[in-house]
Every structure is written in structure tokens, then in C-alpha cells.
Amino acid sequence: MKKIIQLSLISTLLLSTLSVLPATQVSAETTEEINQKQQELDSKSATVENGIEATEESLKSLETEKSTLEKEVQSLQKQIDEVMKKLEEQQVNLKDSEVKINELKEKIATLEDRIQQRTQKLENQARFVQTDGDTHSLATIVLTAENFSDLIGKVTAVTQLVYANKQIVTDQENDQKELKTAETAAINEKKIAENLKNEIERSKNNLYAQKSELDDKILQIATKYQLTEAEKNTLISEKNTIATQTSKLTSDLKAEQDRIVAEQAAKVAADKKAEEMATPTTNTPPASNEGTPTPPNTGGTTFIRPSNGYVSSPFGYRSDPFTGAQTFHKGIDLAGSGAIKAAADGVVEYSNYNNGGYGYLVIINHGAINGVNYQTYYAHMAPGSLTMVAGQTVRQGQQIGVMGTSGSSTGVHLHFEVRENGTPVNPAPFIGL
């Protein structure tokens with residue numbers, strides 16, 4: 001970029017210099033002046049030639065950088081394809097888990113119905129007998145028996161009923177334990193699948209963000225390439241202009257030399273003729289036609305500090321670090337390194353690469369506080385460090401990324417903004433600065 005700026009300055013300087021050179025009227029100038037101008041044109045021609053060579057080097061460098069970025073984009077695309085494939089597989093597993101849970105719920109309903117039917121059957125068969133087999137029930141049976149045979153019959157029936165009842169209860173308990181275990185396992189399986197899905201979504205989000213950044217860099221390089229190519233063509237045009245002027249000066253120099261030779265020959269002839277006539281003559285040198293050239297005219301909200309580091313650029317108007325112009329800085333810059341944390345609870349609105357100069361950017365909506373809606377912006381994060389995706393809930397102090405220098409940045413730092421109803425305000429009072 002520095003080379004491009006230098007070449008632009010060279011082009012401007014040359015154009016302004018060439019514009020004040022005389023077009024073709026140099027015949028009245030001396031050979032010394034013509035030689036001096038020719039030397040100046042030769043020097044300018046060499047400068048332009050160097051500029052063309054530098055431009056060609058810049059073009060080669062940009063082509064190499066563009067080729068490297070394109071390879072990185074292809075590599076990232078492969079990673080994105082793999083992540084998408086894993087995500088599809090995990091979504092299938094998630095659906096299988098949901099089907100399994102639904103099947104278990106149906107099985108539970110069937111078993112509960114079966115248990116209910118067993119209970120009703122027992123009540124219909126032995127309403128007059130206690131089915132827990134305690135001593136009081138056995139004594140009642142003995143006392144109410146009409147004879148020994150009747151006693152034996154009742155005891156046998158009660159024993160069978162008690163055994164059947166206990167077996168049913170045992171079966172019910174075993175079925176319920178088995179169902180509960182299976183349902184718990186299925187729910188755990190679904191949680192694992194959902195966690196994996198969220199992890200893959202985060203990976204996909206970071207990969208897409210990196211690809212967006214690379215695409216943006218390729219676009220910037222393509223723009224620079226077009227500018228550099230145009231500058232090269234401008235320099236070539238200037239070189240041709242200088243060559244034309246040099247050729248004209250060469251022609252004028254020859255004409256001036258021929259004029260001087262002719263003038264000297266005429267003077268010698270005149271002197272010889274005067275000597276022959278013995279008439280003294282006084283040769284007065286011609287007055288110079290050259291004249292003296294004329295010189296040209298001349299808050300108070302519960303936010304925490306989102307990162308470590310010192311304030312390298314405050315909120316408000318400042319000299320732009322790239323252009324030097326007075327621009328409004330919408331946040332504060334915290335220079336340093338390390339983790340970036342959410343300043344307060346909220347919901348992630350944006351977590352991706354931003355082409356507007358923020359680089360890797362996270363925006364958190366904190367909702368209404370005392371009737372005012374607050375948002376916080378965290379910019380210039382390191383590639384691949386985003387831990388949240390849009391729509392996720394974030395807690396105060398939870399890590400959302402790492403300090404970097406992506407986007408329009410001159411060094412590793414965090415650009416932090418606080419916005420009230422969409423309008424940037426000074427973040428310093430909110431975080432105790």
C-alpha cells in the first residue's frame with residue numbers, strides 16, 4: 001500500500017512538473033539552456049522508469065498475495081464442507097434420538113395400561129381377601145372355613161392370589177425401572193447430540209467468517225491491482241510524453257547549433273570583407289532578448305470492563321490513523337491482548353466478519369435498562385476466536401472472543417462501543433474509566 005501511495009505522489013509530481021514545461025517554442029533559447037532542460041527530462045524519464053519498475057513489482061506481489069489467498073479460500077471451503085457433512089450426520093443422530101424417545105414413551109403408556117388392567121383383575125378376583133398375605137388375613141380364613149377341605153381350598157386360593165399379586169408388582173417395578181433407565185439414556189443422548197450440533201454450528205460460523213474475511217482481502221487486492229495497473233499505464237504515458245519532448249529538444253538543439261554555426265560563418269565573412277575594404281568596423285554584440293522571468297503567484301449502568309489493556313484511543317473526534325483526517329471515534333480502544341468478555345447479560349445479535357472495518361465483530365443486545373435499550377460492540381477480534389453465534393444468550397463475564405487486529409486496525413486491541421437506542425455514547429463511564 002505504501003508503494004502505491006509513493007507511486008501516486010510521483011505521478012502527481014511529474015504531471016505538475018510537465019505541465020509547466022514549454023511545449024515546443026525553445027528556438028530562442030541558448031544551447032546551454034536546451035542541454036539543461038534535456039538533462040532535466042532525462043532525470044524525469046529515469047524517475048518514471050523506476051516508477052514503472054516499482055509498479056510492476058507491486059503487481060507481481062499483489063498477484064502472489066491474491067494466489068495465496070485463493071488457496072486459503074479453497075482450503076477453508078474444504079473445511080466448511082467437512083463441517084457441513086458432520087452437521088448433517090449429527091442432525092440425523094438427533095432425529096434418531098427423538099424417534100427413540102417417542103418409542104419409549106409409547107412403550108411406557110402400554111405398560112401403564114397393562115398394569116392398570118392387572119390391578120382391576122386382582123380387585124375383581126379377591127375383593128374379600130387382603131392380598132398382602134399378612135397374619136390377620138390368614139386367621140380370618142381359618143375361622144371362616146366350614147371344614148378342613150374348605151380351609152385347604154381357601155388357603156391355596158389365597159396363596160395363589162398373593163403370589164400372583166406380588167409377581168405383578170415385581171413385573172411392574174422392573175418394567176418401570178427399565179423404562180426410566182432407557183428414557184434417561186435417550187435424553188442424555190439427545191443432549192450430547194445437541195451439544196455436538198452447537199459446537200459444529202460455532203465451527204461453521206467461524207469458518208464462514210474467515211472465508212468472508214479472505215474474500216474481502218481478495219476484493220481489496222483486486223482493487224489495488226486495478227489501481228496499480230492504471231498507475232503503470234499513466235507512468236508509461238508520461239514516459240512517452242517525456243520521450244516526445246526530449247526528441248523535440250534534440251531537434252531544437254541541432255537547429256540552434258546550425259544557427260550559431262551560420263551566424264559565426266556570416267560574422268567571419270563580414271570581418272574579412274571589412275578588412276579587405278580597410279574600413280574599420282565595430283561589432284556590437286546583439287542585445288539579449290531574454291528577460292527576467294516573473295515568479296509564479298503563491299453512564300452509571302452495571303457493565304464490567306470487557307478486556308485488559310490501556311485506553312489507546314478515547315471516544316470522540318480524533319485524527320484518523322489511516323487518513324489523518326478528523327473523524328468521530330464511536331467507542332474506545334483498549335490496547336493489549338487476551339480474552340474478551342461480555343460487559344453484561346444479553347443476547348448475541350451478530351457474530352461474524354464485518355466488511356465495514358470492524359473485522360471480526362460481536363454485537364450483544366442487553367435489552368431495556370431504565371427505559372433505554374443498550375447494545376455493546378466488540379470489534380477487531382482474532383480470526384477463529386468467536387465462541388458465540390447469533391441468537392445465543394450470554395452472561396456477564398462470559399468469554400466471547402480474543403483480542404486481535406482484524407479489519408481496519410493498526411495493532412492488537414479491542415474497539416468497544418456502547419449504544420443507547422442505537423446511538424453511540426462514551427463507554428468509559430459504563431466500565432469505570
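**Pockets and nonpolar cores of the predicted model**

A pocket is an open set of points, on a 1 Å grid over the protein atoms alone, with protein on both sides within 12 Å along at least five of seven lines; its volume is the space filled by probe spheres set on the points, which are joined across faces, edges and corners. The structure is a predicted model, in which local features need pLDDT of at least 70 and side-chain atom pairs count only at pLDDT 80 or more, whereas totals for chains, interfaces and linings use all residues. Residues are numbered from 1 along each chain as its sequence is written, and side-chain values use heavy atoms, with hydrogens and water left out.

At least two lining residues of the largest pocket come from each of the strands β1 (310–313), β2 (316–319), β3 (326–329), β4 (332–335) and β11 (413–420). Helices (H or I, at least four residues) and strands (E, at least two) are DSSP runs numbered from the N terminus. By residue class, the lining of the largest pocket comprises 6 nonpolar, 14 polar and 5 charged residues; Ala, Val, Leu, Ile, Met, Phe, Trp, Tyr, Cys and Pro count as nonpolar, Asp, Glu, Lys and Arg as charged, and the others, Gly among them, as polar.

The second largest pocket holds about 460 Å³ of space. Among its 19 lining residues, Q220, F322, G407, S408 and S409 are the closest to the centre. Helix α4 (148–277) and strand β6 (346–354) each supply at least two residues of this lining, and α4 gives the most, with 5 residues. The lining of the second largest pocket divides into 4 nonpolar, 11 polar and 4 charged residues.

Overall, the protein contains 4 helices and 12 strands. Of its 433 residues, 32% are buried, a class defined by under 20% relative accessible area, with exposed set at over 50% and partly exposed in between (1.4 Å probe, protein chains only).

The largest nonpolar core has 27 residues, of which V362, Y378, M381, I400 and F416 touch the most other members. Such a core is a set of buried Ala, Val, Leu, Ile, Met, Phe, Trp, Tyr and Cys residues joined through side-chain atoms within 4.5 Å. Strands β4, β6, β7 (359–369), β8 (372–381) and β11 each supply at least two residues of this core. Leaving aside neighbours within four places in sequence, F416 is in contact (heavy atoms within 4.5 Å) with P306, G331, I332, A343, T376, Y377, Y378, P427 and I431. A second, separate core of 12 residues includes L87, L207, L214 and I218.

S307 is placed in the loop between α4 and β1. This serine counts as buried because its relative accessibility is 5%, and S307 touches L334, A339, M403 and L414 when residues up to four places away in sequence are not counted.

The C-alpha atoms of N93 and E189 are separated by 9.1 Å, the two residues being 96 residues apart along the chain.

Note on methods: 1 Å grid on protein atoms, 1.4 Å probe; cavity = no way out; pocket = protein on both sides within 12 Å on 5 of 7 lines; lining within 4 Å.
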